Amino acid sequence: MHDPFIKFKELFKQYNQFGKMAITTVGKNNKPTLRNIALKHYDENGFIFATKRNTIKVKNLSENPNIAALFDWFNKKHQVRIEGVAIEASEDEMRKNFASRPREKQIKAWAFNQFDKIEDIKELDEKILFFTNKFKDHDVIPYINYWAIYTIIPNYFEFWGRLDSGECKREHYSLKNNIWSLDIYYEK
Ligand SMILES: Cc1cc2nc3c(=O)[nH]c(=O)nc-3n(C[C@H](O)[C@H](O)[C@H](O)COP(=O)(O)O)c2cc1C
């Protein structure tokens with residue numbers, strides 16, 4: 001059986017030095033937006049990333065869960081493209097995640113939760129100080145819904161590679177009825 005995750009794992013081990021990927025989302029306005037993001041984890045269930053709630057990607061994904069990701073290893077003669085849907089972690093999972101984060105990060109979540117825009121760099125430390133004092137007698141910082149965690153469940157992979165002989169090879173894996181099919185294209 002064709003398994004794109006096995007191929008991905010081989011390449012990732014060899015080439016991923018940065019732990020990041022680029023993701024594209026498209027909201028109701030049909031306008032694609034692209035940005036880099038840290039890849040937190042991946043396995044055969046999908047590709048996990050975390051972000052703040054007040055970002056465009058979260059708004060887009062609430063309107064349209066379709067997502068595309070790119071691992072750009074071009075200088076090493078490889079790229080991997082992934083398409084699929086992004087599934088948001090449940091509130092229960094987010095509560096556990098919040099509890100597992102260091103205290104300083106939990107305080108930052110409170111400090112920056114209500115602000116889309118902070119225009120004075122000095123305000124960052126002022127807000128952190130305010131919430132550090134507010135919670136100084138709390139052993140446990142209460143939960144706040146600040147982060148979002150998504151798993152990209154892929155239904156398509158493209159592995160592009162330049163061969164030592166100079167030709168290019170594209171391997172397209174598509175998921176249909178839970179089975180991956182593979183099409184290979186060579187280019188010169
Ligand atoms: C290498 C790199 C890694 C990044 N990792 C994250 C990340 O893990 N989470 C995140 O929300 N933003 C991350 N960013 C910032 C995003 O690219 C982006 O600017 C921000 O999330 C706002 O995106 P938006 O278009 O959804 O509003 C990263 C940027 C770079 C350059």
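**Ligand shell, sheet pairing and core of the chain**

Strand 2 (32-38), strand 4 and helix 2 (56-63) each supply at least two residues of the shell around the ligand. Here helices are DSSP runs of H or I with at least four residues, strands are DSSP runs of E with at least two, and the numbering of both starts from the N terminus. The model is a predicted one, in which local features need pLDDT of at least 70 and side-chain atom pairs count only at pLDDT 80 or more, while totals for chains, interfaces and linings use all residues. Residue numbers start from 1 along each chain, following the sequence as written.

The shell around the ligand holds 13 residues, of which Arg35, Ala38, Thr51, Thr55 and Lys57 come nearest. A residue is near a molecule or strand if its C-beta atom, placed from the backbone, lies within 6 Å of that molecule or strand. Strand 2 gives the most to this shell, with five residues. Sorted by class, the shell has five nonpolar, four polar and four charged residues. In this scheme Ala, Val, Leu, Ile, Met, Phe, Trp, Tyr, Cys and Pro count as nonpolar, Asp, Glu, Lys and Arg as charged, and the others, Gly among them, as polar.

Read from the N terminus, the order of elements is α-β-β-β-β-α-β-β-α-α-α-β-β-β. The C-alpha trace spans about 65 × 35 × 35 Å along its principal axes. Of the 188 residues in the chain, 16% are buried; a residue is buried if 20 or more other C-beta atoms lie within 10 Å of its own, exposed if 12 or fewer do, and partly exposed in between, with C-beta atoms placed from the backbone. Among contacts between residues at least 6 apart in sequence, 58% join residues at least 24 apart. For a contact, the C-beta atoms of two residues, placed from the backbone, lie within 7 Å.

Next come the strand pairings, where two strands pair if DSSP finds at least two bridges between them. Strand 1 (residues 20-26) is paired with strand 5 (residues 66-73) in the antiparallel sense over four bridges, and Thr24 stands opposite Ala68 in strand 5. On to strand 6 (residues 78-88): this strand runs antiparallel to strand 5, and eight bridges join the two. Asp72 stands opposite Gln79 in strand 6. Strand 5 and strand 6 form a hairpin with four residues between them, and Lys77 in the turn has a positive phi of about 70°.

The largest nonpolar core has 19 residues, and those touching the most other members are Ile67, Ala69, Val80, Ile82, Tyr150, Ile152 and Phe157. Strand 1, strand 4 (46-52), strand 5, strand 6 and strand 7 (147-162) each supply at least two residues of this core, and strand 7 gives the most, with five residues. Such a core is a set of buried Ala, Val, Leu, Ile, Met, Phe, Trp, Tyr and Cys residues joined through C-beta atoms within 7 Å. In soluble globular proteins, nonpolar side chains tend to be buried together. Tyr150 touches Phe49, Leu61, Ala86, Ile87 and Glu88, leaving out residues up to four places away in sequence.

Gly161 also lies in strand 7. This glycine counts as partly exposed because 16 C-beta neighbours lie inside 10 Å. With neighbours within four places in sequence set aside, Gly161 is in contact with Lys77, His78 and Lys169. The C-alpha atom of Gly161 is separated by 34 Å from that of Glu63, 98 residues apart along the chain.

Strand 8 (residues 168-176) and strand 9 pair in the antiparallel sense over nine bridges, with Lys176 opposite Ile179 in strand 9. Strand 9 (residues 179-187) is hardly covered: the count of buried residues among its nine residues is zero. The hairpin of these strands has two residues between them.

Backbone angles deserve a friendly word too. Most residues other than glycine have a negative phi. Asn177, in the loop between strand 8 and strand 9, has a positive phi near 50°. Asn177 is exposed because 5 other C-beta atoms lie within 10 Å. Asn30, found in the loop between strand 1 and strand 2, likewise has a positive phi, near 65°. Asn30 counts as exposed because 7 C-beta neighbours lie inside 10 Å.
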